[in-house]
Amino acid sequence: MTRLKTLKAALLGVALLASTSSVGLASAAESPMPQLVEKSGRYALMVDGAPFLMLGAQVNNSSAWPSQMDKVWPAIRQLHANTVQVPIAWEQIEPVEGKFDFSYLDLLLTQARENKVRLVLLWFGTWKNSSPSYAPEWVKLDDKRFPRLHKKDGARSYSMSPLAQSTLDADRKAFVALMTHLKAADPDNTVIMVQVENETGTYGSVRDYSPAAQKVFDGPAPTALVKAMKARPGTWSQAFGKDADEYFHAWYISRFVEQVTAAGKAVKPLPMYVNAALRDPINDQDPVTYSSGGPTHNVLDVWKTGAPSIDLIAPDIYMPESVKYSAVLGHYDRPGNALFVAETGNAIPYARYVYDTLGRQGIGFSPFGMDLTGYANYPLGASKVNAEMLEAFAANYRLLAPMARDWARISFEKPVWGGSEPDDRSPQSTTLGDWTVHLRYGKWQFGASDWTWLKDRPTDPAGPNGGAVVAQLSADEFLVTGRNVRVEFGRAAKDGKPYMLARVEEGHFDNGQWVFDRIWNGDQIDYGLNFTDGSQVLRVKLATY
């Protein structure tokens, strides 16, 4: 009996061990699905169950091949990026209809994990910068089965018609295959978002004027869109007047994208977004001169109605002028849309805009062309990808990366504000509760802002590079950081009380907790809080007396 009891105990122990091991393996394999969440008008990209700030970098269009990856990762490491955006082209995964090859995606997943970064996949399908150039040859060379749209004069456009069911069916099938493979290959969610198509729309034609499209245009406008736009029912022209052509194109592209997105999410419900090639953010512009039908700021409501499965609409910003950049951010930082700069120029002056983006509660920022493959897209970006250019972005990412999770959490829970150095170095200000915050540029570390005899620092030959972000932790406490900027606090409350910087701590975050390093006082606070080398994070307590 003793030997039998011992055997039973041993078998029970093995069973318990196996059970425990299987539970552990299941737990390890089941990573929480990334999701975009909203609370009180604020957004967070939840990754591994907690808010995540994307300090991103997008590789060049033709860098997404195994032979080029050794030229990608050194740049990513130098940048201190935590997220990499990489194209997955339709022609790459389905060169022959019905035969799929995901070997590059598998390599990409392995190397991203080795480099400890997250991925955003860019689906280059029917549209890549408005063109089908990344569709497989069996699609883009068969105009009968997969028709291009027609211009107003009857000529064929280079761009695909969004009304072609055959194109939608083929694109959707390929995207579902991609998401199906991703679900099996990436249980830990190295991929945290997916961009569906790339800069949709059409240059040179406001919409599809083919006979089939014209018949639809002459029919009734969709009830859902008429209601969303507060228009009167009728044909497209009757409902939307001078905007009818562009709205028509935006509606049918958004409906195409919606059906691709919904099918992909049914397999693996990652956050998905679309990106926009922009129109002029300040002045009116003829839609024939920009990517008409894409999610430009004037048709965001059309897109939001037509593609409800899309989690956000992101601007691709290649406008270095501070007034225009700020205007674009203002258009896409709107109720119902989380702000994500999914693509921006990589010339040095663009680096500063990470602060304005985060100050608007942005969930991420990503310059384009950040690899060492030898390509540069000047004049949209830098004329050369070199150490100096990379360092301009890396300096900001080094500052933000150690607190990326903390900033994402604070930004989701607390009021935040920020600014990027204007082209004319003019000061910026806002009010947070009882306090004002002022940003000044070109100041030395020593000297009052109103000392007219003290000339400002010379401008940087490479262009403006300053900026700051501020979070209000409580009524009188603030978290502040930045580069090449002076931050000054003032009293907004009209109570006549004198005030002071009661305590200024320099510190850092460790596992979500603030860790004190030293006190700033004397010269370090008498002339504002001056951030120059981009290595300080301050916790500021204000008080009246």
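The lining of the largest pocket divides into 10 nonpolar, seven polar and six charged residues (Ala, Val, Leu, Ile, Met, Phe, Trp, Tyr, Cys and Pro count as nonpolar, Asp, Glu, Lys and Arg as charged, and the others, Gly among them, as polar). The model is a predicted one, in which local features need pLDDT of at least 70 and side-chain atom pairs count only at pLDDT 80 or more, while totals for chains, interfaces and linings use all residues. Residues are numbered from 1 along each chain as its sequence is written, and side-chain values use heavy atoms, without hydrogens and water.

A pocket is an open set of points on a 1 Å grid over the protein atoms alone, where a 1.4 Å probe fits, with protein on both sides within 12 Å along at least five of seven lines; lining residues have an atom within 4 Å of a point. Grid points are joined across faces, edges and corners, and a volume is the space filled by probe spheres set on the points.

| Pocket | Volume | Lining |
|---|---|---|
| Largest | about 420 Å³ | 23 residues |

Asn129, Glu199, Ala277, Tyr318 and Leu380 lie nearest the centre of the largest pocket. Helices (H or I, at least four residues) and strands (E, at least two) are DSSP runs, numbered from the N terminus.

Strand 20 also pairs with strand 23 in the antiparallel sense over seven bridges (pairing requires at least two DSSP bridges between two strands). Met500 stands opposite Ala543 in strand 23.
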